[in-house]
Structure formats: structure tokens, C-alpha cells
Amino acid sequence: MSQEPTDPHAHPVLEPDLEAGSSSTEPTEVSNSIPAATNSYGSNGNGGGGAMMVPASVERVRRFSDYRLDELHRLLTRHAGERHLVILQDFPDPDALACGWAYLLIAQQYDIRCDLVYAGTISHQENIALVKLTGMPVQNWPASTLKDRDWHSYQGCVFVDNQGATSQLTQWVQQMELPVLAVIDHHAGGDTVAEFVDIRPNIKATATILTQYLQGELLVLDRNVAEHIKCATALIHGIRSDTNGLLQAQEEDLLAVAYLSRYYDSQLLRSILQVNRTKQAMDVIERALKNRMIQNNFSLSGVGYLRYDARDAIPQAADFLVTEDNVHTAVVYGIVYDKDRERELVIGSLRTTKLTLDPDEFLKEAFGHDPQGRFFGGGRSQAGGFEIPMGFLAGLNDNPNYANLKWEVYDTQIKQKLLRLISPEKQVQVT
Ligand SMILES: [Mn+2]
């Protein structure tokens, strides 16, 4: 695979004139005013040099176009020489993975060593490909191993593309009293306190925010550094994936992609996107097709039991069902058993092309919340998901009749809750 940056104009999704737009967002006086600072630590692309401290004089000189860059720069300077954990959600998506990596590279400029970790699994083929093909330094810390980790070697942690609520690592961080240094996210809500908080719900991907940090020269990308090319490629993939292939991208997202297009490797991106589906995923899609019921342009399908590590087949099946004629919304769900945490869950995905349907509102309304007030589902535009713990009925049973019965109960209940919203005017017979 080529490490050489490709011609930015060859990017299939960019209009040529966006390129010109990207430079206008960067006030020129900023880059002119800090040549010394840029040379001092912006050029060490590989980072990890060890002894690279930021001289105090440089910090005083450095000025940024945006107060957030200033704040983050000051945070990283304060913590120079330390070791931090960068925590991703349990099922990291391309946006999270790319952002964690970009953060790690930025922190390296300040002689901060970061470990990029997640506690769940990466099971979506495209995400496995992203990690393998880029050689991204991401580590899996399964829940069962957390008690044996050397927590004391870290001086702080950072949440990227999440705010702690979706990671099993969070309770350990709290227990170990590891300070939360930064939270960088584009999801609304959350009340995690940190030294640096950059939460922008109006931005479609956290990768857009991280790209703005790069544009602000917290790390100067270098076309000759393979890691930079790969990280830029991962960031484009992150933005694409959180904006439905840029269809929902807004100006800031597109400007970020335009900037990254100077550095990314189009062949690498194509390889990441062209991964084939696993047999498991194909089987789940087949079941979803066979079991679907269509009501008022909604396609609903329960796929029964599936392995925990195959859970990403559910959104893939929903992606597929929503392409049917006369269907604007697909909901696919199934039961998975999480061995690590010994719990059984109904998990589901919603995909919609109906602009007036808000997946977040729809799923919250359909399934409600638990006694603690936590909603079972939620989403963003055009996509959403839900997770309903099975509580007392959880657990495997060798008797197939029992298993079937259990599935039927859940299948019926979920359909009822959905149909209440889909066809409120008539009582639909479910079974
Ligand atoms: Mn995201």
C-alpha cells in the first residue's frame, strides 16, 4: 500500500472548490506569529522522543486562533512528561478510533505518552479493517482484565468521542481516582467534569474537532510521516462514517475533510471501505429479510439469538432493510449474551431515510427508560440503537423450547412497543 499522499483533487467526494475554502478558515496571522513555537515541537512528527519538554518561553509565545486551542495547549503543557489513558467507548466506531489516535499524536508533541484503550470489542468488519490496515495503536482492555491493570502508572485520562457513560473503564477510573483531564465529544448531554472540555453537539463528528486542532497546529502534519498519512486517512473515514458518507456533513465537517485531503491516502481509504461482510453478518441479514414485517413503511425484524461478537451484524441488517421500496425506516433487533459481564440483552438498530423522523425521540418514546431514568435507546439523525437488559429472564437455558418461548415474548413485546408508535390508529395483531 502506498504511503505517499495522493493528489487531494482525486478525492471522490470533494468538490474542487472546497479546497480553496479550507485555507480561508485559518487566519494567516496566527501561523505567522508563531514560527518559533512551530519549529520547537511541531516538526517532530514521529513524537515519542522521550526527552522533549516544552520550554516555558515557547508557551508564552504561542498564540492560537481559537481559545480552545489555547486551553488544550496549556493543558498539555501542564501535564508534559506524564502518561495518560485515552478512553474510547466500549464499541468504538471509526470516528472514535481516529480521534483517539489523533489525540495520542498531539499529546506526543508534549512528551505525554498515551495508551488508547477500549473495554468492549471491535466487531464491525470495516472497523477491524481500519485498525489493521492503519496499524493504529489501539488496545483492547476487556472488562475481566481491568482489576489487574497498572492504574498507578497513569496520571490522568481523557474521553474522546464519548463522555464516559459508554465505557466500562469509567467506573475504574473513578475508583482509582484518576483525574479526568479532557473530554472531547460531539454528543450532547453528559456532565463529566474535566480540566479541558470541548463538547460541540452542532458538529457532526469528533474527527472534525480533532482536525481543527491539527489545522491550529497543535500537531503539524507532515506528508513524509507515514503515521500522519494514516491518521489523516482514519480521520476522513471517521467524518464520512458519522455523516452518512458526507451526505449530512456541514460546512465545518467538509472544511475538515478538505484540509485532511492534503494528507490522506485514497488507496488506503478505499481498502478500508471495501471490506467484505462476514458469513455471520450475511446469515443475520438473511434472517432479518425472512422475518421482516412491514407496516406503514416501517420494516421490523427480529433475528433471534446471536453471538455477542456478531452484534454489529444488526446495524448492517438494518442498513440493508431500509433500502427496500416503500420502506423509510427499518428496525432490526436480537438477543445477545455478554459472557464477560454475564448479562443478556436485547439489542437493536434503527435506520431511517425519513427526514421528519427523529431516531432519538422515536426510540426514547418507544422503549422508555429504566428505574434510574436511563433511556434504553437513543440516536442521532437517521440512525439509532437500543439495549434492553433482560434482567430476571437473562441466562442461557439448554431447553430449546424455553429459549424459543423467551424469544417470542421479547419479539412480541418489542413489536408491540414499536407498533404503538407506527400505527397508533389501529390495534395491530402481532403474532
Ligand atoms: Mn462520533
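Mentor: Let's start with a term: helices (H or I, at least four residues) and strands (E, at least two) are DSSP runs, numbered from the N terminus. Residues are numbered from 1 along each chain as its sequence is written. This is a predicted model, where local features need pLDDT of at least 70, side-chain atom pairs count only at pLDDT 80 or more, and totals for chains, interfaces and linings use all residues.

Trainee: What is C231 in contact with, leaving aside neighbours within four places in sequence?

Mentor: W101, A102 and L105. "In contact" is for two residues whose C-beta atoms, placed from the backbone, lie within 7 Å.

Trainee: New topic: which residues touch the most other members of the largest nonpolar core?

Mentor: A102, Y103 and L235, in a core of 72 residues. Helix α6 (residues 94-108) gives the most to this core, 11 residues. A nonpolar core is a set of buried Ala, Val, Leu, Ile, Met, Phe, Trp, Tyr and Cys residues joined through C-beta atoms within 7 Å.

Trainee: What about L235, which residues is it in contact with beyond four places in sequence?

Mentor: Among them are A98, A102 and L260.

Trainee: Last one: how much of the protein chain counts as buried?

Mentor: 43% of its 431 residues.

Definitions and conventions
A residue is buried if 20 or more other C-beta atoms lie within 10 Å of its own, exposed if 12 or fewer, and partly exposed in between; C-beta atoms are placed from the backbone.
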